[in-house]
Amino acid sequence: MAGRSLRTARHYLISLLSLGARRPSRDCLCVFSTAAQQRSTGDECGPEDPRDEPRHPLSERTLELKASKLEEQVRDLTERYRKALADSENVRRRTQKFVEDAKLFGIQSFCKDLVEVADILEKTTESAAGEAEPSDPKPTLKKIYEGLSLIEAKLQRVFAKHGLQKMNPVGGKYDPYDHEIVCHVPAEGMQPGTVALVTQDGYKLHGRTIRHAQVGVAVESQE
């Protein structure tokens with residue numbers, strides 16, 4: 001009985017061993033799968049492909065070149081923008097100056113013609129003053145002189161209102177930009193080179209000479 005049980009157990013053990021040889025157990029499969037996964041993971045985490053190593057420095061160099069070019073373009077555009085602003089400001093100032101000058105000197109030609117009328121009025125007033133006599137029973141010339149004097153004074157006030165002023169160069173230094181020499185006179189009590197007399201009045205419009213004063217300049221007398 002015991003011998004029979006032993007043979008049965010031996011037969012069962014051989015069957016188990018035979019079955020295990022034909023079909024691996026789940027533990028064996030898990031071990032094999034884990035080892036394969038580790039090999040696969042090890043391959044992925046292994047050293048990089050040496051062919052990929054030079055790409056990084058080349059890419060950085062390319063980016064640096066592109067950044068340098070962009071910075072240069074930004075500087076160039078900024079400089080052009082500043083120049084454009086400066087040119088625009090200069091044009092604006094010139095245009096504004098042109099408009100202001102046009103407003104101030106737009107009547108320049110009219111003033112040149114009008115000062116000739118003022119010359120005639122001044123000479124007429126002086127002539128009337130010389131002929132008017134206080135003892136005249138008919139003070140007609142005196143009244144004419146007074147009326148002409150009032151007109152001349154009013155005309156000069158109108159001139160001053162619009163920036164037109166008569167020059168008074170007598171005793172001053174000769175200035176070729178304001179004066180025109182028509183004669184020379186002996187420097188009697190005057191410094192040579194100064195204006196001794198005026199034969200025709202000069203005028204300025206807002207500081208700009210529109211008619212030169214015709215003057216006589218003092219010079220040293222030659223004995």
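**A buried tyrosine and its surroundings**

Modeller: Gladly, and please keep in mind that this is a predicted model. Let me start with Tyr 203, which has a relative accessible area of 0% and is therefore buried.

Biologist: Which ring pairs with the ring of Tyr 203?
Modeller: The count of aromatic pairs in this model comes to one. Its ring centres lie 6.0 Å apart and the planes stand at 90 degrees, so the pair is edge-to-face, and the partner of Tyr 203 is Phe 159.

Biologist: How many residues apart are Phe 159 and Tyr 203?
Modeller: Phe 159 belongs to helix H5 (residues 140-161), while Tyr 203 belongs to strand E4 (residues 203-205). The pair thus links distant parts of the chain, and the separation is 44 residues.

Biologist: Is Phe 159 buried or exposed?
Modeller: Buried means under 20% relative accessible area. Phe 159 has a relative accessible area of 3%, so Phe 159 is buried.

Biologist: In what order do the elements of the chain run?
Modeller: The chain has five helices and six strands. Read from the N terminus on, the order is α-α-α-α-α-β-β-β-β-β-β.

Biologist: Why is strand E6 described as largely enclosed by the rest of the structure?
Modeller: Strand E6 covers residues 213-219, which makes seven residues. E6 is largely enclosed because the number of its residues that are buried is five.

Biologist: Which residue in E6 stands opposite Cys 183?
Modeller: Cys 183 has a relative accessible area of 27%, so it counts as partly exposed. The residue opposite Cys 183 in E6 is Gly 216.

Biologist: How many disulfides does a search of the whole structure find?
Modeller: A disulfide is a covalent bond between the sulfur atoms of two cysteines. Cysteines do occur here, among them Cys 111, which is buried at 4% relative accessibility. Even so, the number of disulfides found in the whole structure is zero.

Biologist: Which ring does the charged end of Arg 208 sit over?
Modeller: The charged end of Arg 208 lies 3.6 Å from the centre of a ring. That ring belongs to Phe 105.

Conventions: Residues are numbered from 1 along each chain as its sequence is written. This is a predicted model: local features need pLDDT of at least 70, side-chain atom pairs count only at pLDDT 80 or more; totals for chains, interfaces and linings use all residues. Side-chain values use heavy atoms; hydrogens and water are left out. A disulfide is a pair of cysteine sulfur atoms within 2.5 Å. Buried means under 20% relative accessible area, exposed over 50%, partly exposed in between (1.4 Å probe, protein chains only). Helices (H or I, at least four residues) and strands (E, at least two) are DSSP runs, numbered from the N terminus. Two strands pair if DSSP finds at least two bridges between them. Rings of Phe, Tyr and Trp (its six-membered ring) pair if their centres lie within 6.5 Å; planes under 30 degrees apart count as stacked, over 60 as edge-to-face and the rest as tilted. A charge sits over a ring if NZ of Lys or CZ of Arg is within 6 Å of the ring centre and within 35 degrees of the ring normal.
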